[in-house]
Amino acid sequence: DNFSQVTEFILLGLSDTQELQLLFFTFFLLAYAMVLLGNVLIIVTVRTDPKLSSPMYFLLCNLSFIDICYTSVTIPRVLVALLLGHKAIAFEGCMAQLFFLHFVGSSEMFLLTVMAFDRYTAICRPLHYTAIMARGVCWALVAACWLGGFIHSIVQTVLMLQLPFCGPNTIHSFFCDVPPVVRLACADTTLTEWLMASNSGLISLGSFLVLVASYTLILAKLRAHISQGNGKALSTCVSHLMAVTLLFMPCIFTYLRPAGTLPTSKYVCVIYTVFSPVMNPLIYTLRSSEMKGSMWRLWKRCRA
């Protein structure tokens, strides 16, 4: 029992202005539709085309599934609030949203790190690629990503449930997350905030540094062989690095510090909860001629 008196929280959202709420509803609806359609198309294409059986596409299929889960944790609740004006969320619902947000979000960070390792192995150690990235190894790596995300999220949620909440109950965001919720606790949260920052912040920073290091090695390898037709691969790696930066930098800014040291802009949260999942299908798919060819063949089969 955490002795909480608060039974529900009020999510203030992004704006109280009626015109802006309509604009935000349209934006979130279009973004969610793009995430669902784009990632479902990727999953169906990979699952139905035997040519897309390499580890890269297996990991991409898992990334698409994670992005669908990640956006489904927050965006449907936001759409209901914007459409019906119902901003209250039960205490249990808030903790559940926080748990699944960190569960799926940290799993995605770990998976992106695995994907960077896959690209590094394929480009820098091509002769050993098949042995290193065998199917069983890929399944084990994906399972490890989900397990790591689960352990991280359990720690965050348990730390949060130990805090008493007795008012106020207004959250200056459009979803329940650690920084805005922990500020509402009726106790000294200094130690808890540092523990949470060490957990989420170090995961974000550590994963990002590993990604940057792997892509740096890849880019160095590609630049050394640029004359052999690796220009497109070089451009693809740069776009992938931009995509992970779009996800990790706002997360590092949000989580790598105690919640009370600096207010977190709720608009910064839009970057890693909405923009990044929308961009992932575009960046990881449209730059692959093999994937575009498979999608075209799928389209022709559907029309036949």
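Reader: Which residues is Thr71 in contact with, leaving aside its neighbours within four places in sequence?

Author: In this predicted model, Thr71 is in contact with Tyr32, Val35, Pro76, Thr273 and Pro277. Each is listed because contact requires heavy atoms within 4.5 Å. Thr71 itself is found in helix α2.

Reader: What makes Thr71 count as buried or exposed?

Author: The relative accessibility of Thr71 is 0%, and the term buried applies under 20%, so Thr71 counts as buried.

Reader: Where does Asp67 lie, and what does its side chain meet in a polar contact?

Author: Asp67 lies in helix α2, which covers residues 55–84, and its side chain is joined to that of Asn280 by a polar contact of 3.0 Å. Leaving aside neighbours within four places in sequence, the residues in contact with Asp67 are Val35, Asn39, Glu108, Pro277 and Asn280.

Reader: Why is no salt bridge assigned to Asp67?

Author: A salt bridge needs a side-chain nitrogen of Lys or Arg within 4 Å of a carboxyl oxygen of Asp or Glu. For Asp67, the nearest side chain of opposite charge belongs to Arg119 and is 16 Å away, so by that cut-off there is no salt bridge, although Asp67 is buried.

Reader: How many salt bridges does a search of the whole structure find, and what makes the pair of Asp49 and Arg297 one of them?

Author: The search finds two. In the pair formed by Asp49 and Arg297, the closest N and O atoms are 3.0 Å apart, which falls within the 4 Å limit, and therefore the term salt bridge applies. Asp49 lies in the loop between α1 and α2, whereas Arg297 is in helix α10, so this pair ties together parts that are 248 residues apart in sequence.

Reader: Why are Asp49 and Arg297 put in their accessibility classes?

Author: Asp49 has a relative accessibility of 8% and counts as buried, since the limit for that class is under 20%. Arg297, at 29%, counts as partly exposed, because that class runs between the 20% limit and the 50% above which a residue is exposed.

Reader: What makes Arg119 and Asp118 a salt bridge?

Author: Here too the closest N and O atoms are 3.0 Å apart, which is within 4 Å and therefore meets the criterion. Arg119 and Asp118 are both buried.

Reader: Which residues of α10 are buried, and how do you know where they fall around the axis?

Author: The buried residues of α10 are Met291, Ser294, Met295 and Leu298. Seen down the axis of the helix, they fall within an arc of 100°, so they line one face of α10. In general, an α-helix has 3.6 residues a turn, so residues three or four places apart point the same way. The buried residues of α10 pack against α1 (18–48), α2 and α9 (266–285).

Reader: How does the reach of α10 compare with what is expected?

Author: Helix α10, residues 289–303, has 15 residues and reaches 21 Å from its first C-alpha to its last, close to the 21 Å expected at 1.5 Å a residue.

Reader: Why is Phe117 given its accessibility class?

Author: Phe117, placed in helix α3 (residues 91–124), has a relative accessible area of 37%; that value lies between 20% and 50%, so Phe117 is partly exposed.

Reader: What makes Arg77 count as buried or exposed, and which residues is Arg77 in contact with?

Author: Arg77, in helix α2, has 18% relative accessibility, which is under the 20% limit, and therefore counts as buried. Leaving aside neighbours within four places in sequence, Arg77 is in contact with Leu11, His86, Lys87, Ala88, Ile89 and Gln97.

Reader: Why is Ile283 assigned to its accessibility class, and what does Ile283 touch?

Author: The place of Ile283 is in helix α9, and its relative accessibility of 14% is under 20%, so Ile283 counts as buried. Beyond residues up to four places away in sequence, Ile283 touches Ser239, His240 and Ala243.

Conventions: Residues numbered from 1 in each chain as written. Predicted model: local features only at pLDDT ≥ 70, side-chain atom pairs only at ≥ 80, totals over all residues. Heavy atoms only, no water. Helix = DSSP H or I, 4+ residues; strand = E, 2+ residues; numbered from the N terminus. Buried < 20%, exposed > 50% of the residue type's maximum accessible area, 1.4 Å probe, protein only. Lys, Arg positive; Asp, Glu negative; His and termini not counted. Polar contact = N/O pair within 3.5 Å; in protein donor to acceptor, adjacent residues only side chain to side chain. Expected span 1.5 Å × (residues − 1). Arc of directions from axis to C-beta.
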